[in-house]
Protein chains: 4
Amino acid sequence: MASLAVEKTSSGRDYKVKDMSQADFGRLEIELAEVEMPGLMACRAEFGPSQPLKGAKITGSLHMTIQTAVLIETLTALGAEVRWCSCNIFSTQDHAAAAIARDSASVFAWKGETLQEYWWCTERALDWGAADGPDLIVDDGGDATLLIHEGVKAELEYEKTGELPDPSSTDNAEFQIVLGLIRDSLKVDPKKYRKMAKKIVGVSEETTTGVKRLYQMQANRTLLFPAINVNDSVTKSKFDNLYGCRHSLPDGLMRATDVMIAGKVGVVCGYGDVGKGCAAALKAAGARVIVTEIDPICALQACMEGLQVRTLEDVVSEGDIFVTTTGNKDIIMVHHMKQMKNNAIVCNIGHFDNEIDMHGLENYPGIKRITIKPQTDRFVFPETNNGIIVLAEGRLMNLGCATGHPSFVMSCSFTNQVIAQLELWKEKTTGKYQNEVYVLPKHLDEKVAALHLGKLGAKLTKLTKDQADYIGVPVEGPFKPPHYRY
Amino acid sequence: MASLAVEKTSSGRDYKVKDMSQADFGRLEIELAEVEMPGLMACRAEFGPSQPLKGAKITGSLHMTIQTAVLIETLTALGAEVRWCSCNIFSTQDHAAAAIARDSASVFAWKGETLQEYWWCTERALDWGAADGPDLIVDDGGDATLLIHEGVKAELEYEKTGELPDPSSTDNAEFQIVLGLIRDSLKVDPKKYRKMAKKIVGVSEETTTGVKRLYQMQANRTLLFPAINVNDSVTKSKFDNLYGCRHSLPDGLMRATDVMIAGKVGVVCGYGDVGKGCAAALKAAGARVIVTEIDPICALQACMEGLQVRTLEDVVSEGDIFVTTTGNKDIIMVHHMKQMKNNAIVCNIGHFDNEIDMHGLENYPGIKRITIKPQTDRFVFPETNNGIIVLAEGRLMNLGCATGHPSFVMSCSFTNQVIAQLELWKEKTTGKYQNEVYVLPKHLDEKVAALHLGKLGAKLTKLTKDQADYIGVPVEGPFKPPHYRY
Amino acid sequence: MASLAVEKTSSGRDYKVKDMSQADFGRLEIELAEVEMPGLMACRAEFGPSQPLKGAKITGSLHMTIQTAVLIETLTALGAEVRWCSCNIFSTQDHAAAAIARDSASVFAWKGETLQEYWWCTERALDWGAADGPDLIVDDGGDATLLIHEGVKAELEYEKTGELPDPSSTDNAEFQIVLGLIRDSLKVDPKKYRKMAKKIVGVSEETTTGVKRLYQMQANRTLLFPAINVNDSVTKSKFDNLYGCRHSLPDGLMRATDVMIAGKVGVVCGYGDVGKGCAAALKAAGARVIVTEIDPICALQACMEGLQVRTLEDVVSEGDIFVTTTGNKDIIMVHHMKQMKNNAIVCNIGHFDNEIDMHGLENYPGIKRITIKPQTDRFVFPETNNGIIVLAEGRLMNLGCATGHPSFVMSCSFTNQVIAQLELWKEKTTGKYQNEVYVLPKHLDEKVAALHLGKLGAKLTKLTKDQADYIGVPVEGPFKPPHYRY
Amino acid sequence: MASLAVEKTSSGRDYKVKDMSQADFGRLEIELAEVEMPGLMACRAEFGPSQPLKGAKITGSLHMTIQTAVLIETLTALGAEVRWCSCNIFSTQDHAAAAIARDSASVFAWKGETLQEYWWCTERALDWGAADGPDLIVDDGGDATLLIHEGVKAELEYEKTGELPDPSSTDNAEFQIVLGLIRDSLKVDPKKYRKMAKKIVGVSEETTTGVKRLYQMQANRTLLFPAINVNDSVTKSKFDNLYGCRHSLPDGLMRATDVMIAGKVGVVCGYGDVGKGCAAALKAAGARVIVTEIDPICALQACMEGLQVRTLEDVVSEGDIFVTTTGNKDIIMVHHMKQMKNNAIVCNIGHFDNEIDMHGLENYPGIKRITIKPQTDRFVFPETNNGIIVLAEGRLMNLGCATGHPSFVMSCSFTNQVIAQLELWKEKTTGKYQNEVYVLPKHLDEKVAALHLGKLGAKLTKLTKDQADYIGVPVEGPFKPPHYRY
């Protein structure tokens, strides 16, 4: 851990990345991505001149990729000051991190962090020195938000009982690290996280998993600052989750294993937006797809698309490629993996790494692990001498084994993020947002979509006044009732 | 109109159908359909013994097809007494009408009604003699509901001012008929519709267009009884609207024209659930599909599926097959049709017949109409001698030219109807439902889906308690938050 | 059989059709079809003026549909005199037959012939009175050719031994009729078929099954006149067989049963061109498709498209829709049908009706047959009370239950027929064609395709001389070596 | 060129690869590939014990990938001695080359050869020292065969006229190198290539382009040894070319550019097997696909799949991704590229690099080349400041930017190669093969397919004797006539 020291650019900006010499390469790819991200570029054009984020300190915890680089530089173009970390140990693209660290913002991220390093990076991204903390958070999965809430909880407990958090009180290896971090900071400043929480104007959360945490905190009345649920903007969940995964699942499979998808049996666990994208991709590539589902509605949707719906137990020895997309835990267990065909591929594209029982696999008696290349491991069971191939150690395989979602679809998601940050900052003193979870209004959702049509050569039809009246909507939209499902 | 007399079966049941001798044929197809409608049959099995609809008088205004026959006989199997009419002049299947009229319920419906006949049938279906009116309504498009609301409005006006409704006050030919009907009933019983409205426990509405009317009445506080919006059950709008149309659009095209779809350019106006189904069907059959849209989000979805988004003006001379799916009016006008290729096909699959400018077409100077066969007409423009082929006179082409949606998907929709009717009747005295619009709770939506999985051989995965807690849902569901879009 | 008398139009033309009053309706649909059949219309434009078929008497035995009507009128437009029958008892469209009989050629065909009637019609189509027989034959499945060859065989045998053909010598009910017919004609004119065979310049054969017979006769050196194999023109077998069936299989299923295809399990027996079209259609409509195959190459193609390859035995109780496409016999036997799900659909789209064991089914002890409507029968097994639904009595379901392939794809096939007839007639005295089987040269195949591109708005790229030399082809084509598979 | 020295392993085997330390990584991936290549492994099992290639010296010129490594080790497992080079400067996978060089055969190949180095490697692979040359050649594109034929031609010319080949006699940079090479060898041994040609038993050629050359030599009677056309085995051209490209085109696009394919316009030049695979892949990923074609039959096939057929000129400013698949030259010229959208992607998946006018592009006045990363270059036109992105410098993008076709489909192709090599070697003294081009018999083609079905869980149906007789084939196959197109 000696090496975990913050470095400084010549201009004095903090950072810690893998290899600053990749900054030029990162810059070239950022420039390509800009052409594919019309929503973000439109934000720069529309809002750049008025600098509406002037004075805002933003901490981001979100995969430090090329696309995120374009997001960060949109935030800075609008006047913000930014510190950033990745929200997954494997998801950083090192050339993107280098370019941003050199040119635009403080970055603490590299591909292949240990968990200890991961949380150190998160802490650094939240560390605004004398300023107590950030004004705004861009979160993905909710780890930055979690650290603050856990910190506050521990400080209150400590104030009340004098007891420091005890890492040994939990079995969860990652949560042990979080508690250790908080314990250490408590000794230095027992009010650190409360000052930080107080300063924060709000968080905008990117993904299903993080949103679920926020709604739970809202229900428990423990949420410490307003939150905007970006995930449930239509232009996020019905695009990024669906079309993003349709693109990046086969990309990850190909880069990691070069396996021919055609002719294979793909088993997709979960048929939500992510599962729908994954199943569509595998089917399009010529696989036969089997879905597992708990929800009868989603299951019936799968049937209507010609997919079989079975339980994992029924098909575990039939599948060639297994993908978890549930957002739940304990989906593919070691006893499942043991029954699989030789060289069956097992991977996860859900946010957290608890869908696949990596702990059970790694600790299986006599298991042999052969690393084919980074993020592609073969685990051989001693009884059968059959191996299975696990991608990205059970973490997000599209970010671990490939480069995540492509720029265009991320432009939709990230334009929602920019709009959410603008909204929170604009209303910081008006009381419009309480410590609750909000979604963006439909007209902004429609605006995000509209900003992406030109690039694809699409041309919208305009309602006449008479038609608009007939269906009871304004001529300029929004065009649908809130419950509309798209 | 002399012939518009109610007939009676030997058992004394009222009816008016095309040809009672088709009842046996209808019965055979009903029996086939029952095997494809597991949701309805499950309702009979679950609720039949307890006769929960005992005493309920139900009026239905919904396409009198084979599938509807299974719905009607499910309602009667649960104890209800039923009177029925179609909600479209072309949508009745005469053998279905005959079988039901003979065996189960009062039916007033035949394929190819005039508008005058159509409203006469609607009036008959609402006419429960001394009972004042029905207890419950099953509506599709809202025409039964409309007649009652217009009736009440006219009665109040008449009571206040002594003025009878004046058909000549409107240009709309159909509304003239409605006003005439109400005027005539006012003379007989000036409280008829108010007594009827008062008696009605509630309506369950089938489709987007009818739901839109209900929400407008709710907003205007003019809704006279509770309404359940069946259309927006997921198991209705995301199945019937989408997968139903994916099936029945090509079916209608083939039966009406035998045209080869492969290689053609299909233009789909509107990319909602219905438009998505139509576009998917045309693409799957080998057409190139162009979409017109007003909503940027739906437009962007079309792009992501590889469809072009253009305005009708841009592609009017390029298309071979034009389909309106908007739920709006004035979509394809006569000036568009004039520019189309020779023998371009123009059809509508939206609920009402005002998407295509039939009035403008029929009254175009010098236009020549050649009826190829019923519901397939060629209109030849005098300037070019080019003709276009219009299906079902601009009305629902899948019901006019084919047999509508297949049984299985209608089983989903109609199981929602049965559940809605049960719910309204059960709560008739509890005050649970006010004069507002309600959707069915998610657990019932999920139940409808679950009832249809077995027939397709699908097998659900069960959550463990631990997993359910982790994602914060009950083990038995519902599994998703209300805003979830599927 | 008393009614089997030839009738005569006012102009003295022989015919026998179902209902001459449908001629106007037939004419309207023929006019629509002409717009969809650019290849045939181009033949009329190119060759009509020079009347190259002047003097040619053509007998056709090919499904008497609207599309065939356009073929017949192309042949007459080029100068030929034509007599026609259908090659399947269910495939005639009566309005097409009526229009042609009234306006253009002698037709002997109606939907729902008995086998006896069928062969009577074939005999009539070959009966050119004093002219001994036709000059040319357009055959589909080879029945006209078969009758002549069997006739000649019997005449030679009779001449040698004095023995007449004995219908009781065979178990095959249809072949008994053929032998009876020949026996009767032998008594009248013992040289009839030899005179006919001698007169015939050649036959052009439409389909796989007929071609197979021709190659067997060529191998046995028993072929009595030259034959052109139209089936194996690329623009026939890779279009009509594939894309035609992709269109007409779901059309037939929908018209016959209205069954929802989505979510069902479709079992396609055979994965040749026809099977590929059927599997693609079912998959596109949302079914899960299982293929049975004998040929490992075709089986591997199915796998690459994500289809399962299994034996019928393995999946007989899993399938919802079974389609035979093999061109072989004894594919689905009564013992298979007995194991199927209740209301499983069983149908055949191959040329002959021996793929499904109709004899075994109809004679199963205790079987109950319920005719839902013509060409849709439910057979109920006594042991289980489960029924299966058989389409078109095991004959070509797309022609029996719907209207066969659409005009556009038939235009490709039939343009090949016209070209083949022109070629045979042109070379009738040159000795170019021996009593063997020929395929059309590639440049004519390419021409057929080219004639169909304009209608679809397709625009070809032209080779430069330099490019043509580089790949070693003429600038104007043909562009591919003979073994090219497309 | 000083560095172009042959190295030797500790066991004395010649080689020249990039980095021998990657041999372990290569070995791991080879082991994975073996599981995906059942055809090759079955050959080892069936033929390994009898060592049928004992004594055979084989030179291969074929992309030195992981899959090729499994081919090479199958040849050596059957007894052969092997020397190998790549047939494309970018297609080598260095870890595969290292593993083979270390363990199994002499390899001369690395990713990113210069043309000079490429031909040096080819010369080394053909250099069997005192043995005069190889017994057998495995060729891909025909470069090894070309070098020998050009060498022989030059030797004969030299013998006749004393004139050495003159590199300056041609404009073609690559052919200059070939002539230089031959000139230099002529000085050393003026009979080298004639001795080599005489020794060679035969060549088996992998791809369309090489096959075309062979047929031209056959036509010109200049072919010096027998050739087996592996490309036109069904299990090669209808699998590798089609399904291989369907897999590897998007793989290459994603690895090179991370571009979102959905929503984009893909322009595919050529709709042969390779073009069909590319178009299917782009469509499946959500692109709108436009095809350019010279052949009306292929064009009509594209139409039937819903693809637009246009000329490049018409769509050059509309496309986002351009792919050449023609096997012809001068397809996308610099004047086309100049008109393209900013950041349009231009790539080639045909064998040779003359489909895209790289020479014109590189020499365009004022052009600016920005290398994003190896094999991904942006060329910016001075007039517009718009750039286009060129992949793999116009060479095979799937091998240059990704890893080529996946193992499973290559197993089909390479099993044909092994069978061809076995056949040539077995018949080396029987005179069965003359200096002509042969395809493998259908029963071997079917065998290759059969060997790949088990891995995919497919199960074949068996013909009965009765059925086999009915369709006139042996019970065990072959099942189709030679002209069958699949």
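How many residues of chain D are in contact with chain A? In this predicted model, 38 residues of chain D are in contact (heavy atoms within 4.5 Å) with 38 residues of chain A.

**View 1. The open sheet of chain A.** Eight strands of chain A line up as S11-S10-S9-S12-S13-S16-S15-S14, with mixed pairing. Strands are DSSP runs of E, at least two residues, and helices are runs of H or I, at least four, numbered from the N terminus. Two strands pair if DSSP finds at least two bridges between them. S11 (308-309) and S14 (368-373) are the edge strands, each pairing on one side only. S9 (265-269) and S12 (321-324) pair in the parallel sense over four bridges. There, A:Cys269 stands opposite A:Thr324.

**View 2. A helix of chain D across the sheet of chain A.** Helix H1 (23-36) of chain D lies across S14, S15 (376-380) and S16 (387-391) of chain A.

**View 3. Salt bridges between chains D and A.** The rule finds six across this interface; each needs a side-chain nitrogen of Lys or Arg within 4 Å of a carboxyl oxygen of Asp or Glu. A:Lys373 and D:Glu29 form a salt bridge at 3.6 Å, N to O.

**Notes.** Residues are numbered from 1 along each chain as written, while chains are lettered from A and ligands numbered from 1 in written order. Local features need pLDDT of at least 70, side-chain atom pairs count only at pLDDT 80 or more, totals for chains, interfaces and linings use all residues, and side-chain values use heavy atoms, without hydrogens and water.

Key: Axes fitted to C-alpha atoms, helices over the stretch in contact; angles between N-to-C directions.
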